[in-house]
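Please keep the sequence and the model in view while reading.

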Amino acid sequence: MLSKEAEDRVGELFQSFSDPYLKKREGQGIFLSGIALGMLALEQVRGEGEADKEGGRKNGPLHGAPLFKQINFGSLGMRDLKKLLSRVPLLTAHYCGDERGGMIFIINGLVGLAQDYLFAAEERECGVEGNFAFSGAFLNAPGYCWRIFPPKKGNGSEEISQNRDSISSSSGGA
């Protein structure tokens, strides 16, 4: 569950768009799903790239994430999206682990809100509008995520803040 402040920032994010599809619960649910799954895909490739100068590892390319390969971009149906979302608890437990507890909270919180919106939606298919919203949110997930969850010092989010730039750079920028 998201905090009141995070839910308010989600509302502000949607108010910043003029697209009428993102004013509907269906569009908002699909968009939030794209952010959550995009962040999860980035977690899957975190540390999978080439070695850096300090002996650590860079993030791998987003298209190398197992989740990325499972998404049928442009033809995503609501059934497909629900199937992907239903796997998030297992995937976050595996890829985010104990050391990334803040990221588990972020991804699960976004998925929870996305599911609430999808349950309230009148439409039952993604269609062209939904596929466009999902793809845009997925590919720009870090930028949208940090607008909803701006890192704060002193509350356990330091690690997320420290990794923010490396997560963004692995997606090609946000």
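Which residues do ring pairs link into a cluster? The cluster consists of F14, F17, F31 and Y144, joined through ring pairs, in what is a predicted model.

## Aromatic pairs

A pair of aromatic rings is described by the distance of the centres and the angle of the planes. With centres required to lie within 6.5 Å, the count comes to 10 aromatic pairs. One of the pairs, F17 with F31, is edge-to-face, with 5.4 Å from centre to centre and 65 degrees between the planes. Because F17 lies in the loop between helix 1 (4-15) and helix 2 (25-44), whereas F31 belongs to helix 2, this pair ties together parts that are 14 residues apart in sequence. Both F17 and F31 are buried.

## A charge over a ring

An arginine also takes part in a contact with an aromatic ring: R25 lies over the face of Y117, at 4.1 Å from the ring centre.

## The largest nonpolar core

The largest nonpolar core holds 51 residues, and the members that touch the most others are F31, L32, I35 and L81. At least two residues of this core are supplied by each of helix 1, helix 2, helix 4 (78-86), helix 5 (88-95), helix 6 (101-120), helix 7 (127-139) and helix 8 (141-148), and the largest share, 10 residues, comes from helix 2.

Leaving aside residues up to four places away in sequence, I35 touches L13, L110, A137, F138, A141, Y144, C145 and I148. Y144, listed here as a contact of I35, is also a member of the ring cluster with F14, F17 and F31.

Definitions and conventions: Residues numbered from 1 in each chain as written. Predicted model: local features only at pLDDT ≥ 70, side-chain atom pairs only at ≥ 80, totals over all residues. Heavy atoms only, no water. Phe/Tyr/Trp six-rings, centres within 6.5 Å; stacked < 30°, edge-to-face > 60°. Helix = DSSP H or I, 4+ residues; strand = E, 2+ residues; numbered from the N terminus. Buried < 20%, exposed > 50% of the residue type's maximum accessible area, 1.4 Å probe, protein only. Lys NZ or Arg CZ within 6 Å of the ring centre and 35° of its normal. Core = buried A, V, L, I, M, F, W, Y, C linked by side-chain atoms within 4.5 Å. Contact = heavy atoms within 4.5 Å.
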